[in-house]
Amino acid sequence: MKRYERLADTIAELIRTGILAPGERIPSVRQASQSYGVSPSTVFQAYYLLEDRGLIQARARSGYFVRSLAGLPLPEPQLTPAVPPTTEVGVSELVFSVLGSLKNPHTVPFGSAFPSPDLFPMARLARSMTSSLRNLSPHDIIADMTAGNADLMRQIALRYMVSGVRLPIEELVVTNGALEALNLGLQSVTQAGDLVAIESPTFYACLQVLERLQLKAVEIPVHPRDGIDLAVLRERMGSLPIKACWFMSSFQNPLGASLDNSRKQQLYNLLQEHQVPLIEDDVYAELHYGERPPMPIKGLDSEGLVIHCGSFSKTLAPGYRVGWVAGGRFTERIARLKLMTTISPSVPAQTAIADYLQHGGYDRHLRKLRHALQRQQEAMLASAARHFPKGTRVTQPDGGYFLWFEFPEQVDSLQLFRLALAQGISLAPGPIFSASQSFRHCARLNHGHAWGPDSERAMELLGRMLRSF
Ligand SMILES: Cc1ncc(COP(=O)(O)O)c(C=O)c1O
């Protein structure tokens with residue numbers, strides 16, 4: 001990290017913790033230069049960065065001031081409402097029409113599902129691709145196709161071990177991203193017509209997979225901070241023949257909610273009691289802002305009931321389409337399903353990632369990535385507090401790059417989506433995250449892109465549109 005970025009972070013922390021209050025003057029460039037032992041130009045660069053993040057503003061001939069938050073930070077959304085016991089899923093049309101309109105590269109990408117590609121070490125990965133291909137024997141190219149690249153599988157197993165999960169390498173199947181892992185996982189434990197417990201709201205692809213496999217959703221409400229409502233899940237598992245669960249235990253998409261360890265244990269006990277497998281979607285675990293990665297429910301799995309799905313798409317290599325599944329007692333069925341459909345992800349992509357994990361400095365890259373995402377989250381929260389109308393609520397997750405906004409009841413997020421798109425701003429409207437197309441007054445916004453004047457202007461415009469409802 002550069003010196004001015006460190007200084008900007010120090011001051012941002014003073015603002016975040018309230019030591020520097022809204023409206024208060026921050027130290028002059030000369031004072032800051034003396035007290036932090038850096039040059040005036042470093043202080044200027046730090047202050048410009050804080051201005052871009054929307055945390056301070058310059059006033060002519062008076063210096064820099066902490067921006068007022070137009071009220072205090074926005075409150076947290078409430079527990080999501082009760083939902084019908086079971087729902088036929090049919091959201092694909094809506095999801096495709098929303099996703100199709102996000103493709104324009106000139107929009108402000110608040111609706112995107114990915115962080116900015118600028119945050120990924122693409123040049124270093126390309127070097128890994130070249131050198132690993134040079135060393136790959138023709139025999140390995142064929143061998144790696146079915147099982148997965150052996151080096152990559154070792155590296156993945158090692159990462160599980162470091163996060164405290166012992167995982168035999170034989171449990172791993174390398175897949176085309178997490179989405180294939182999730183598809184195969186669910187397919188291995190269900191048949192058309194079965195009931196599957198899912199979160200509400202949930203990642204829209206989960207709804208599409210259920211739709212494709214003709215499964216019925218049992219939507220379980222999710223608390224915006226604490227995660228899935230275990231009381232409702234317990235009741236549904238007791239009264240309905242649920243065949244599988246599909247949940248995210250950490251940094252849930254779209255809410256960012258995480259179960260703490262005791263709630264993870266309670267959830268696992270329920271699965272054990274009813275012998276229901278869990279498809280655990282864990283693609284954001286490495287994007288934690290705290291010191292340690294959260295423990296997956298897979299870490300508690302003594303019976304092979306958890307099908308744990310991960311990916312490099314969100315942390316390292318979007319577009320390489322490399323993910324994996326640790327399939328527990330369903331591993332063989334999953335591996336066979338994969339052989340019957342896609343056989344394998346591209347071997348060059350696998351070897352490139354394996355080489356990068358060994359030699360490229362993945363942990364250093366992750367530290368920088370998490371840091372950028374957390375700073376950008378602060379900027380978006382501060383901006384929302386300035387521009388969005390009273391009555392808006394928002395999550396504040398400890399990881400990932402999504403914020404979930406609950407707007408005043410009269411706001412129609414599908415209408416907001418259309419208005420915003422016409423002004424070059426994308427967002428993900430609430431109904432695409434629900435089998436019953438609820439959450440009409442909610443939206444998910446992505447803060448995975450560098451914060452700058454365009455982002456600030458887009459938030460201001462969104463604020464004006466929100467007030468027009
Ligand atoms: C929660 C969640 N699971 C899975 C995926 C799919 O991951 P991949 O790109 O590795 O297939 C995504 C991507 O948007 C996601 O948000």
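In this predicted model, strand 13 and strand 14 (residues 402-406) run antiparallel and are joined by two bridges. Arginine 393 has glutamate 406, in strand 14, as its bridge partner. Both strands belong to an open sheet of four strands, paired in antiparallel fashion in the order 13-14-17-16. Strand 13 (393-394) and strand 16 (428-429) form the edges of the sheet, each pairing on one side only.

Six residues of domain 1 and nine residues of domain 2 take part in the contact.

**Helix 12**

Helix 12 spans residues 331-341, and Ile334, Ala335 and Lys338 are buried in it. Viewed down the helix axis, the buried residues of helix 12 fall within an arc of 100°, and therefore they line one face of the helix. An α-helix has 3.6 residues a turn, so residues three or four places apart point the same way. Glu332 and Met340, on the other side of helix 12, are exposed. Just after the helix, isoleucine 343 adopts a positive phi of about 65°.

The elements against which the buried residues of helix 12 pack are listed below.

| Element | Residues |
|---|---|
| Strand 5 | 172-175 |
| Helix 8 | 177-189 |
| Strand 12 | 323-326 |

In soluble globular proteins, nonpolar side chains tend to be buried together. Here the largest nonpolar core contains 133 residues, and Val196 and Ile353 are the ones that touch the most other members. Helix 14 (residues 362-387) supplies the largest share of this core, with nine residues.

Which residues does isoleucine 353 touch, not counting residues up to four places away in sequence? Isoleucine 353 touches Leu152, Phe312, Leu316, Ala317, Tyr320 and Val322 under that condition.

Note on methods:
Residues numbered from 1 in each chain as written. Predicted model: local features only at pLDDT ≥ 70, side-chain atom pairs only at ≥ 80, totals over all residues. Contact = placed C-beta atoms within 7 Å. Pairing = 2+ DSSP bridges. Buried ≥ 20, exposed ≤ 12 C-beta atoms within 10 Å, placed from the backbone. Arc of directions from axis to C-beta. Core = buried A, V, L, I, M, F, W, Y, C linked by C-beta atoms within 7 Å.
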